[in-house]
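Hi there,

Here is the structure I promised to pass on.

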Amino acid sequence: MNIDADLIDTLEIAFHPKAVAIAGASEDPFSFGYHFLRHMLDYNYTGHIYPVNPSKKSIMGLKAYPSLSSIPGQVDYVICCLPASMVLDLLAECPAKGVKIVHLFTARLSETGRKEARELEARMFKAAKKLSIRLIGPNCMGIYYPRSGLANGYNLPKEAGNVGAVFQSGGSSTLLIRYGELRGLRFSKVISYGNALDIDESDFLNYLAKDDETEIIAAYFEGVKDGKKFLKA
């Protein structure tokens with residue numbers, strides 16, 4: 001199995017972050033910037049949570065910051081709920097904060113089929129690569145990891161288990177967790193990865209195959225990015 005050791009280390013940071021910034025955090029219950037912050041509080045994440053929103057002083061009782069660069073100290077993991085047009089500026093702020101990996105919930109990119117959206121997505125990848133930042137997504141729900149208190153949906157089990165999952169579809173991954181819970185399943189790590197701009201299905205399969213907490217891997221793919229790499233995985 002061809003394992004990228006640096007990528008494994010970076011994914012370990014994503015699953016075990018000591019400080020998480022939520023770019024686009026909000027108190028609007030109809031926004032995903034609200035939901036991701038709510039989840040971190042509800043699932044008892046114990047690290048530092050930094051809501052980022054230039055128009056708010058505080059959100060859900062936490063001090064809010066106008067930008068990523070204004071956060072004191074290092075940030076391990078960023079959840080980006082910003083519009084696509086703002087992602088490049090966010091990525092540019094990441095190196096100074098020590099950010100190695102960003103979850104792009106941000107959508108309306110290549111999945112739309114629009115030429116300008118595909119071009120913007122390509123610029124995101126080029127910028128991230130130049131800055132040595134790895135990307136989960138875009139257009140995805142990201143990580144569910146109950147041991148760290150990371151979740152991407154409501155009413156998911158807080159108890160951890162031994163089933164890992166790699167799902168291209170965020171909605172389907174949440175359904176797996178919810179219906180699996182009713183049948184007695186508990187999960188180690190579940191990843192929704194969307195457009196696979198950078199880290200793809202094969203990378204996540206390789207990661208879970210090496211994960212001591214995972215004994216079974218479930219998967220759902222809508223397309224394979226690199227056929228030969230996938231077969232090796």
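Below are my notes on the salt bridges.

Keep in mind that this is a predicted model, where local features need pLDDT of at least 70 and side-chain atom pairs count only at pLDDT 80 or more, while totals for chains, interfaces and linings use all residues. Residues are numbered from 1 along each chain as its sequence is written, and side-chain values use heavy atoms, with hydrogens and water left out.

A search of the whole structure turns up ten salt bridges (a side-chain nitrogen of Lys or Arg within 4 Å of a carboxyl oxygen of Asp or Glu). Here are some of them.

Start with K115 and E119, whose side chains meet at 2.5 Å, N to O. They sit four residues apart in helix α4 (residues 115–130), so about one helical turn separates them. Helices here are DSSP runs of H or I with at least four residues, strands are runs of E with at least two, and both are numbered from the N terminus. K115 is exposed at 53% relative accessible area, whereas E119 is partly exposed at 36% (buried is under 20%, exposed over 50%, partly exposed in between, with a 1.4 Å probe and protein chains only).

R114 pairs with E116, their closest N and O atoms being 3.2 Å apart. R114 is partly exposed at 30%, and so is E116 at 47%.

Now try K189 and E213, which meet at 2.7 Å, N to O. This pair links distant parts of the chain, 24 residues apart: K189 is in strand β10 (residues 187–192) and E213 in the loop between α6 (201–209) and β11 (216–220). K189 is buried at 1%, but E213 is partly exposed at 24%. Through shared partners, salt bridges join R147, K189, D211 and E213 into one network.

Cheers
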